[in-house]
Amino acid sequence: MVGQQRFRLSEVPLLNRDHVKIRDPDKVEHMLNELVAGGTEKLQVVTDFDYTITKQRLTNGEKILTSFGMFNECRSLPVSVLEESKKLFHKYRPIEIDPHMPMEDKVRYMIEWWTKTGDLLKGFPLPQEEIAEVAKRFKDGLRDGTPQMFYDLDQLGVPCLVFSAGLGDSVISVLRQPNVMYPNVKVISNFLQYNPDGTLNGLQDKMIHTFNKNETALKGTDYYDLVHDRDHVIVMGDSLGDAGMADGIPSSSHVLKIGFLFDHPEQNLPRYMDTFDIVLIDDQTMDVPRTIVEMVKNKSHK
Ligand SMILES: [Mg+2]
């Protein structure tokens with residue numbers, strides 16, 4: 001094959017299936033060709049965790065826990081703390097998803113929510129093993145193909161950032177189950193802080209909430225140095241806000257955004273299609289991201 005040969009979207013069967021929605025096929029075709037031409041050295045992956053790395057539904061109908069939901073399953077968590085965090089959820093969650101409230105107001109409320117959550121998590125013991133136990137029970141919650149995707153990215157030396165406004169301790173525990181916390185994987189999230197006596201002391205700074213989830217949170221870290229010149233980015237998420245996760249990357253020239261849509265697809269599809277380049281409706285696999293990585297890999301190894 002000639003090095004310059006471009007491929008057409010119509011040649012990628014997986015991207016032509018019914019549940020794959022693309023608003024601007026020409027743009028996606030162009031971007032895929034750029035990603036492929038750039039090869040794995042230019043590539044990085046930035047992904048959300050809850051309902052992105054994990055599935056949005058299980059075939060047996062069981063509910064999938066979020067990273068904070070897993071934490072709430074821990075035996076040592078006092079009932080009063082659990083009840084209080086439920087109250088916070090009922091107060092702040094509607095604000096988080098309110099389509100009308102101005103962003104700066106929302107941000108203020110999110111900081112309030114996360115701060116109050118951190119304040120709740122103080123003064124009682126919570127062994128990390130308990131989180132690991134819940135994560136072990138949770139192993140079917142990973143999207144099909146997730147472990148293989150992490151494996152492939154590691155083999156190709158492509159950095160992968162898992163970005164979560166949830167609880168990082170749970171995220172890491174889940175990723176440890178199939179042994180995919182490879183050196184190329186970085187988790188940016190909220191982590192528990194412990195007192196020397198083993199009791200909890202809230203959450204560590206710096207707070208990652210729904211609306212500051214972008215790579216500005218990386219500034220000054222080793223990871224930033226590792227990825228700042230990889231300007232080809234695959235972004236994956238299930239919430240509209242996830243599409244902005246690569247916003248802090250300087251000179252990110254090609255950002256391919258993949259959105260997993262599950263809830264009320266008929267109502268949400270237009271906004272998802274405006275926000276993400278590729279929208280996958282009720283797709284509980286990593287097939288599409290893996291196919292794209294595979295295309296980039298094949299080119300790089302020619
Ligand atoms: Mg999510």
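At what angle do helix 3 and helix 4 pack, and how far apart are their axes? The views below show a predicted model, in which local features need pLDDT of at least 70, side-chain atom pairs count only at pLDDT 80 or more, and totals for chains, interfaces and linings use all residues. Residues are numbered from 1 along each chain as its sequence is written.

**View 1. Packing of helix 3 on helix 4.** Helix 3 (residues 79–96) and helix 4 (residues 103–120) pack at about 170°, with their axes 10 Å apart. Helices (H or I, at least four residues) and strands (E, at least two) are DSSP runs, numbered from the N terminus. Axes are lines fitted to C-alpha atoms, for helices over the stretch in contact, and angles run from 0 to 180 degrees between N-to-C directions. Helix 3 is therefore roughly antiparallel to helix 4 (an angle over 145 degrees). Residues in the contact (C-beta atoms, placed from the backbone, within 7 Å) include Leu 88 of helix 3 and Trp 113 of helix 4.

**View 2. Strand 2 beside strand 8.** Strand 2 (residues 43–48) runs parallel to strand 8 (residues 232–237), joined by 5 bridges. Val 46 has Val 235 in strand 8 as its bridge partner.

**View 3. Strand 4 beside strand 5.** Strand 4 (residues 160–167) and strand 5 (residues 185–190) run parallel, with 5 bridges between them. Leu 167 stands opposite Asn 190 in strand 5.

Note on methods:
Two strands pair if DSSP finds at least two bridges between them. Angles under 35 degrees count as roughly parallel, over 145 as roughly antiparallel, 65 to 115 as roughly perpendicular and the rest as oblique. Two residues are in contact if their C-beta atoms, placed from the backbone, lie within 7 Å.
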